[in-house]
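Colleague: I have a structure open and would like to learn how to read it, one feature at a time. Could we go through it together?

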Amino acid sequence: MSRVCLSPSVASNGESFTVAGALRLAADHGVRGVVTYADPVARLRTLPDGRTAGSPRGHLGVIYQALSATYTGRSTARTIVVLPDGQVLPARSIAKFVAGDRGADGFERRIAALGASPRPAGSDRRAWLRTALEQIGARRQRHPGTHRYALPVGRTRAERSRAVFGMPALPYPKWADARPRT
């Protein structure tokens, strides 16, 4: 599951209702389990019209907790590249560009549109990218890993109960600053 995004006008349980509906549809197509992630890192980005969007606090996966998903810990910690507008530059996109794979030209145009000098024909892609990211003010940021949840999928409770996850269930993460002060 990639993104859950609803209008603020949707009722408070709309997220879990929507995810549950998506899981029912997936079950009808033979899917038996879904792994999904919640990014705990606060991240805001600037939209083309100047407005700000994103999460000033990050996410714990409360939607998945409400659905009784199995929490299996965090994904691998890594270093990410954050563009000046707050968007994350996917590691896969960087790898495809460096290798010259399909989509590399679009990636290069995106970086150039942010203010990087054009890449000279035939130049080393990795060296250009390093310089280009510096030129546009991209920054490297250590990411602790996203929260990972597993959801069984099935048309019946019996089908869902047969789902087996290869990782142990862990306690749900909570906000440390949500504890009452004494």
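Colleague: Which residues of H1 are buried?

Modeller: Bear in mind that this is a predicted model. The buried residues of H1 are Gly 14, Ser 16, Val 19, Gly 21, Leu 23, Ala 26 and Ala 27. They pack against strand S1 (33–38), H2 and strand S8 (147–152).

Colleague: What span does helix H1 reach from its first C-alpha to its last?

Modeller: Helix H1 covers residues 14–28, which is 15 residues, and reaches 21 Å. That is close to the 21 Å expected at 1.5 Å a residue. After H1 comes Gly 30, with a positive phi near 90°.

Colleague: Which residue takes a positive phi in the hairpin of S2 and S3?

Modeller: Gly 50 does, with a value near 95°. This hairpin has five residues between its strands. Strand S2 (residues 43–46) and strand S3 (residues 52–55) run antiparallel and are joined by four bridges. In this pairing Thr 46 stands opposite Thr 52 in S3.

Colleague: How do strands of a sheet pair?

Modeller: They pair through backbone hydrogen bonds, either parallel or antiparallel. One case here is an open sheet of three strands in the order S6-S5-S7, with antiparallel pairing. Strand S6 (88–89) and strand S7 (139–143) are at the edges with a single partner strand each, so one side of each has no neighbour in the sheet. Strand S5 (residues 78–82) is joined to S7 by five bridges. Ile 80 stands opposite Gln 141 in S7.

Colleague: Is strand S4 largely enclosed by the rest of the structure or largely open?

Modeller: Four of the five residues of S4 (residues 70–74) are buried, so the strand is largely enclosed by the rest of the structure. S4 runs antiparallel to S8, and four bridges join the two. Thr 70 stands opposite Ala 150 in S8.

Colleague: Now the nonpolar cores. Which residues touch the most other members of the largest one?

Modeller: That core has 14 residues, and Leu 89, Phe 107, Ile 111, Trp 128, Leu 129 and Leu 133 touch the most other members. Helix H3 (91–99), helix H4 (104–113) and helix H5 (125–136) are the elements that give two or more residues to this core. H5 gives the most, with five residues. Another core, of twelve residues, lies apart from it; among its members are Ala 26, Ala 27, Val 34 and Tyr 71.

Colleague: What does Phe 107 touch, not counting residues up to four places away in sequence?

Modeller: Phe 107 touches Leu 89, Ser 93, Ile 94, Phe 97 and Leu 129.

Colleague: Is Gln 65 buried or exposed?

Modeller: Its relative accessibility is 12%, so Gln 65 counts as buried. Gln 65 lies in helix H2 (residues 62–66). Not counting residues up to four places away in sequence, Gln 65 touches Leu 60, Tyr 149, Tyr 172, Pro 173 and Lys 174.

Colleague: And Glu 159, buried or exposed?

Modeller: Glu 159 counts as buried, at 16% relative accessibility. Glu 159 is found in helix H6 (residues 157–161). Leaving aside neighbours within four places in sequence, Glu 159 is in contact with Arg 32, Val 153 and Gly 154. The C-alpha atoms of Glu 159 and Ala 27 are separated by 9.4 Å, although the two residues are 132 residues apart along the chain.

Colleague: Last, the empty space. What does rolling a probe over the atoms show?

Modeller: A probe the size of a water molecule, rolled over the atoms, shows where empty space is left. In this structure the largest pocket has a volume of about 1800 Å³. Of the 50 residues that line it, Arg 3, Asp 39, Arg 43, His 59 and Val 88 are the closest to its centre.

Colleague: Which helix gives the largest share of the lining of the largest pocket?

Modeller: H5 does, with five residues.

Note on methods. Residues numbered from 1 in each chain as written. Predicted model: local features only at pLDDT ≥ 70, side-chain atom pairs only at ≥ 80, totals over all residues. Heavy atoms only, no water. Pairing = 2+ DSSP bridges. Core = buried A, V, L, I, M, F, W, Y, C linked by side-chain atoms within 4.5 Å. Buried < 20%, exposed > 50% of the residue type's maximum accessible area, 1.4 Å probe, protein only. Contact = heavy atoms within 4.5 Å. Expected span 1.5 Å × (residues − 1). 1 Å grid on protein atoms, 1.4 Å probe; cavity = no way out; pocket = protein on both sides within 12 Å on 5 of 7 lines; lining within 4 Å. Points joined across faces, edges and corners; volume = space filled by probe spheres on them.
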